[in-house]
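This report describes one protein chain for a reader who has not seen it before. Please look at the sequence and the model first.

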Amino acid sequence: MSLEAIKQVTETEAQAKAALIEAQAAARKTAADAKRAGEEKMAAVLAKAEAEAKAELERAEARAAQRTHQIRADSEKACEAMKKQAEGRLTQAVDFIVERVVEN
């Protein structure tokens, strides 16, 4: 093999090695970019899911507050009705007690 041929083979090997190093660097960059893009997308999805969960929780709390208000109003009406019913029987109870005391 001539000196010129050896020199050309050496240069070709050096170029191939440089191309391999460049390709490996490009592959690492592509992988890093893909990983970063995936992480950004995952963060966006998580943020959206958290916002939706928060909104649903707020809606549920609002429904619960409304239901609590309705139950309280219904209970107050029932208590008022029982109170009026008891007041109506108070006269009867007094009459009954007076009658028992007077008889003895």
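## A pair in the helix

In which helix do Asp33 and Lys29 both lie, and how many residues apart are they? Both lie in helix H1, which covers residues 3-103, and they are 4 residues apart, about one turn of the helix. The model is predicted, and the values below are computed from it.

## Overall form

The protein chain has 1 helix and 0 strands. Its radius of gyration is 44 Å, well over the 13 Å that the globule rule gives for 104 residues, so the chain is more spread out than a compact globule. Along the principal axes, the C-alpha atoms fill a box of roughly 145 × 25 × 10 Å.

## Surface and burial

What share of the residues counts as buried? Of the 104 residues, the share is 0%, where buried means under 20% relative accessible area. The accessible surface of the chain comes to about 9,500 Å². Carbon and sulfur atoms account for 60% of that surface.

## Charges

The chain carries 18 positive and 19 negative side chains. The centres of these two sets lie 1 Å apart. Across the whole structure, a search finds 4 salt bridges.

Asp33 and Arg36 are 3 residues apart in helix H1, and about one helical turn separates them.

Asp33 has a relative accessible area of 28% and is partly exposed. Arg36 is at 44%, so it counts as partly exposed. Lys29 is at 52% relative accessibility and counts as exposed, because the cut-off for exposed is over 50%.

## The Glu56 and Arg59 pair

Another of the salt bridges joins the side chains of Glu56 and Arg59, at 2.7 Å, N to O. Both residues lie in helix H1, 3 residues apart, which is about one turn of the helix.

Are Glu56 and Arg59 buried, partly exposed or exposed? Glu56 is partly exposed, with a relative accessible area of 36%. Arg59 is partly exposed as well, with a relative accessible area of 43%.

Terms used. Residues numbered from 1 in each chain as written. Predicted model: local features only at pLDDT ≥ 70, side-chain atom pairs only at ≥ 80, totals over all residues. Heavy atoms only, no water. Helix = DSSP H or I, 4+ residues; strand = E, 2+ residues; numbered from the N terminus. Rg over C-alpha atoms; globule rule 2.2 N^0.38 Å. Buried < 20%, exposed > 50% of the residue type's maximum accessible area, 1.4 Å probe, protein only. Areas by Shrake-Rupley, 256 points an atom, 1.4 Å probe, with all protein chains shown as cover. Lys, Arg positive; Asp, Glu negative; His and termini not counted. Charge placed at Lys NZ, Arg CZ, Asp CG, Glu CD.
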